[in-house]
Amino acid sequence: DNVPHARASHASLIYNDGDKQYMYVVSGYDFDNPGFQNLVSYEFDRNMWVEFLLAKNSDIPQQRYGHAVAEHEAKIYMYGGIMDTSITDELWTFDINTRVWEEVKDVSMALSSVRNEPVAVVGHSAHIINGVMYNFFGHSPVFGYVNYVQKYTIADNEWCVITGRGAIVKGGYGHSSVYYPDTGKIYIHAGYSSTEASAYSLTDTLYAFNVADETWEILPSSGQYKYLHTAVIIDRLMLVFGGNTHNDTMHSNGAKCYSTDFMAYDIECQEWFALDPPKLTQNIARFGHIAEVHNNNMYVFGGFNGLVLNDMFVYEPGICSSHLDKDSCLSSREGTTCRWTNEAKCESPTDAQTKEQHKNIEMVEGPECQAHREESTDSVCGQFASRTIMIVTGAAPGVRLAPLTPAKAGHMP
C-alpha cells in the first residue's frame, strides 16, 4: 500500500532535518485497523510516505487518539489521549535518529503547580518552546473540561500545572492551537467547553497565551462554533479549516457534523473573514484531520466524514503579483497578505523581504486593516482566487479521488 492507514484524531508535527522537511503523523483512530502502524512520515521533497522500522530494543506505545505531539532536538514528545476507553497521562518520547520509543517516568512536580500530579486529558494541544512542552486544556475524566496549562520542562523532567494570569479563559476539547513566533503567542480557537457546572457547548472564542509572561488575552470571536478543526499560520494569517459544527445546541441548529468552512484571522488587524471553500469535484468536508505548513502551503491529511480518511490535499494561497493596483494588493486576504513596493508591484511577503534584504526595493506599504471590508469576497475571488490543488495519497473505501500527483511508497532505510 502506498499510503498510511486511514485515521482520525491523530497528531502531527513538522520536523526539519538539514534542508529536508518531513511531516510526522502519530497514531490516531480507525474503525477497521486497531493495530495499524502508529508512526509514519511524509517527505515533501520526494512526495513519499515512509513507515518507521523501530529499533529492536524499542518499546511500543499503545495506539491512542486525541493525544498531542511536539518535537524538540530530534525527539517527538507525545502526551495524553485515549487508549481503548481510558484517558491517559502517559508521556512518551520517540528518538528520530535511534528510532526508539521510551515512556518518561519518575517525573517531579514543581512546588508552584496547582495539581500534585499531571492531569490525564484528551483533545488537548501541545507546543514545545525553549525546552518547555506546553499542553493546553483538554477533557479530564476527573475534572471535566479543564483550563489548565500543563508545562513539562524537558531538562528538569518536571511538570507544573498552571492556569495562567490575565483574562479568565474556559478550557475545552478539540480546539485548534498554533504558535506564532513573531508575537510570541499561542492562539487557541473554538472547541467544546463547559458553560456551567452541568452544561457544555461549542464555542467560537479565540484566546492568545503569551509564552513569556504566561498571561491570557481574549481576542475577537470568529462567529463559527466548531471543534476538531485545524489551524495553521501563513504570513500573519491564521487559516482555519473544517471541523464539526453540530452538537444539538442553538449554535449548531441544522449544521453538518463535518464542514468545509474555511476562514482566516488576521493577527495584526485582529479581524476575521471568510475564504472561499475548496472548489473540487470531491467533497473534502471533514473533522478530526491534521494540517501543517510546508513552503507556505497548507497540507491537510486524514480525518472523518462518515468514513475514516487517508487522503491528503494542499491549499496554495493566492498570487500577490496578480494584483495590479495598490488598493487591491493591500486589501487582499486570499490565504496570504501582500506588500506594495516602490516598484509599483504587488509582492508576496517572502519575495518582498528577499528583495528588500538585497536592497533591490523598499517596501512602501504593508497590508491594510479593515474592520468592515466593503469588497465582497466573491468579487475578487474570480480574478485573484487562491488555488486549491488535490494531492492524492489514497482514500478510505468508498471515497473516489481523481489523482493528480500520486505519492510513492517508501520504507526507512
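Predicted model: local features only at pLDDT ≥ 70, side-chain atom pairs only at ≥ 80, totals over all residues.
A residue counts as partly exposed when its relative accessible area falls between the buried range, under 20%, and the exposed range, over 50%. At 28%, Glu217 therefore lands in the partly exposed group.

Side chains of opposite charge can pair when their charged atoms come close. Here, the count comes to 11 salt bridges. One of them joins Glu217 to Lys185, with the closest N and O atoms 2.9 Å apart. The two partners come from distant parts of the chain: Glu217 belongs to strand S23 and Lys185 to strand S21, 32 residues apart.

Another salt bridge brings together Glu214 and Lys151, at 2.5 Å from N to O. This pair also links distant parts of the chain, 63 residues apart, with Glu214 in the loop between strand S22 (199-210) and S23, and Lys151 in strand S16 (residues 149-153). What about burial? Glu214 has a relative accessible area of 21%, so it is partly exposed. Lys151, at 16%, is buried.

Arg333 and Asp266 make a salt bridge too, with N and O 3.0 Å apart. Arg333 sits in the loop between helix H1 (326-331) and strand S31 (339-341), while Asp266 is in strand S26 (residues 262-266), so the contact ties together parts 67 residues apart in sequence. Both ends are tucked away: Arg333 is buried at 4% relative accessibility, and Asp266 is buried at 0%.

Now for the rings. Searching the whole structure turns up 35 aromatic pairs. Tyr152 and Trp159 make one that is tilted, with 5.2 Å from centre to centre and 45 degrees between the planes. Tyr152 and Trp159 are both buried. In another pair, the ring centres of Tyr192 and Tyr227 are 4.9 Å apart and the planes meet at 80 degrees, so this one is edge-to-face. It connects distant parts of the chain, 35 residues apart: Tyr192 is in strand S21 (residues 185-196), and Tyr227 is in the loop between strand S23 (215-219) and strand S24 (230-234). Tyr192 and Tyr227 are both buried as well.

Technical notes: Residues numbered from 1 in each chain as written. Heavy atoms only, no water. Phe/Tyr/Trp six-rings, centres within 6.5 Å; stacked < 30°, edge-to-face > 60°. Buried < 20%, exposed > 50% of the residue type's maximum accessible area, 1.4 Å probe, protein only. Helix = DSSP H or I, 4+ residues; strand = E, 2+ residues; numbered from the N terminus. Salt bridge = Lys/Arg side-chain N within 4 Å of Asp/Glu carboxyl O.
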